[in-house]
Amino acid sequence: MTRANTTPKPHSGPVRACPARRRPPFDAAGAAALAAARLPRPMPVAVRENARAKNVVLRLIPGQGLVITMPVGLPPSRLAEAVGARSAWIAAAWDRLAAEGTPPQPGAAALRPERIVLTAFDRQWDVAYAARARDGCLLTVRGPESLLVTGAVDDMGAVAGVLTMFCRDRGGMLLKDALARVSQETGLPFAGATIRAQRTRWGSCTARGRISLNFTLAFLPWELCRLVLVHELCHTRELNHSARFWALVEEHVPGCRVLDAKLASARHYLPGWLGATD
């Protein structure tokens, strides 16, 4: 039997490694221009790549405009499609933020809102201002849908401070009542509730069944607010994010995973003046 000679022959010349193909550098300005061309309103646009991003995430941020986070290497056509598909939402959110006093251009100071809207509960108050020679601001409830802020009303930090306290108080009461109703609807009891102002969490639940809610939930659409309430109530049975936990949430909120994805980028519903207290 003849066997083929498989012994490698010595290479007479130098071995050269094939250079790896490098991805062209990310053109943030070009991507922003492409996205801006698909927008229903003229507004500042910034596009960022994120290695952990799985989808295109759009956020309207006070003082910055539309901020788009996209997966690394996403084709420009896909970015344009994603922005075009959300054009109706972008227009409505931009108009709402402008009406509530959000600055329309980067670098502008937050404007005093003429109206406070707690979207989840369909409650709103008109806000009037009167300058007074005093430190800080004082908020007075003049009627079921009317507020008056007096004092150093040109100090946006002071204005935002009293408005935040009002929203935390009213929003907190509404959220506690809603949590009790949803608890009865779902048959998921809880041990107690507190209202907080967390920077990163919408809510939390302890092993003893005490639920903490972020007062800014009141600014979200009701379906997203209710999802958080159900989410935390389900933690009274499953203090984890296992398959059993999500099955329990799905039982009470069909399509919960789709809503949960929307909740991840829902901070654009918060009014711009909230940031003036930082």
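I began by noting that helices, of at least four residues, and strands, of at least two, are DSSP runs numbered from the N terminus. I also wrote down that this is a predicted model.

**Entry: the whole chain**

I looked up the overall make-up, and found that the chain has seven helices and 10 strands. Of its 278 residues, 43% are buried. I then turned to the contacts between residues at least 6 apart in sequence, and noted that 48% of them join residues at least 24 apart.

**Entry: the largest pocket**

I asked myself which elements each supply at least two residues of the lining of the largest pocket. My list came to strand E2 (57-61), strand E3 (65-71), helix H2 (76-85), strand E9 (203-205), helix H5 (222-234) and H7. Within that lining H5 gives the most, with six residues. The space in the largest pocket is about 1,300 Å³, and 39 residues line it, with Asp260, Ala261, Lys262, Ala264 and Ser265 lying nearest its centre. Sorting the lining by class, I wrote down 18 nonpolar, 11 polar and 10 charged residues.

**Entry: H6 against H7**

I reminded myself that two packed helices are described by the angle between their axes and the distance between the axes. For helix H6 (residues 243-252) and helix H7 (residues 256-263), I found that the axes come within 9 Å and cross at roughly 100 degrees. Because angles of 65 to 115 degrees count as roughly perpendicular, H6 is roughly perpendicular to H7. On the H6 side the contact is made by Trp246, Val249 and Glu250, and on the H7 side by Cys256, Arg257 and Asp260. I sorted the residues of this contact into three nonpolar, no polar and three charged.

**Entry: H5 against H7**

How do H5 and H7 cross, and within what distance do their axes come? I noted that these axes come within 10 Å, with a crossing angle of roughly 105 degrees, and therefore H5 and H7 are roughly perpendicular to each other. From H5, I listed Glu223, Leu224, Leu227 and Val228, which meet Cys256, Leu259, Asp260, Lys262 and Leu263 in H7. By class, the contact of H5 with H7 has six nonpolar, no polar and three charged residues.

I looked next at Asp122, which has a positive phi of about 55 degrees although it is not a glycine. I placed Asp122 in the loop between strand E4 (115-118) and strand E5 (123-131). Is Asp122 buried or exposed? Its relative accessible area is 73%, so I recorded Asp122 as exposed.

I then went to Ala28, which has its place in helix H1 (residues 28-36). Ala28 has a relative accessible area of 32%, so I wrote it down as partly exposed. The C-alpha atoms of Ala28 and Ala46 are separated by 7.4 Å, and the two residues are 18 residues apart along the chain.

Last, I checked Glu185, which is found in helix H4 (residues 156-186). Because exposed means over 50% relative accessible area, Glu185 counts as exposed at 55% relative accessibility. How many residues apart in sequence are Glu185 and His252? I found them to be 67 residues apart in sequence, while their C-alpha atoms are 9.0 Å apart in space.

Terms used:
Residues numbered from 1 in each chain as written. Predicted model: local features only at pLDDT ≥ 70, side-chain atom pairs only at ≥ 80, totals over all residues. Heavy atoms only, no water. Axes fitted to C-alpha atoms, helices over the stretch in contact; angles between N-to-C directions. Parallel < 35°, antiparallel > 145°, perpendicular 65-115°, else oblique. Contact = heavy atoms within 4.5 Å. Nonpolar A, V, L, I, M, F, W, Y, C, P; charged D, E, K, R; others polar. Buried < 20%, exposed > 50% of the residue type's maximum accessible area, 1.4 Å probe, protein only. 1 Å grid on protein atoms, 1.4 Å probe; cavity = no way out; pocket = protein on both sides within 12 Å on 5 of 7 lines; lining within 4 Å. Points joined across faces, edges and corners; volume = space filled by probe spheres on them.
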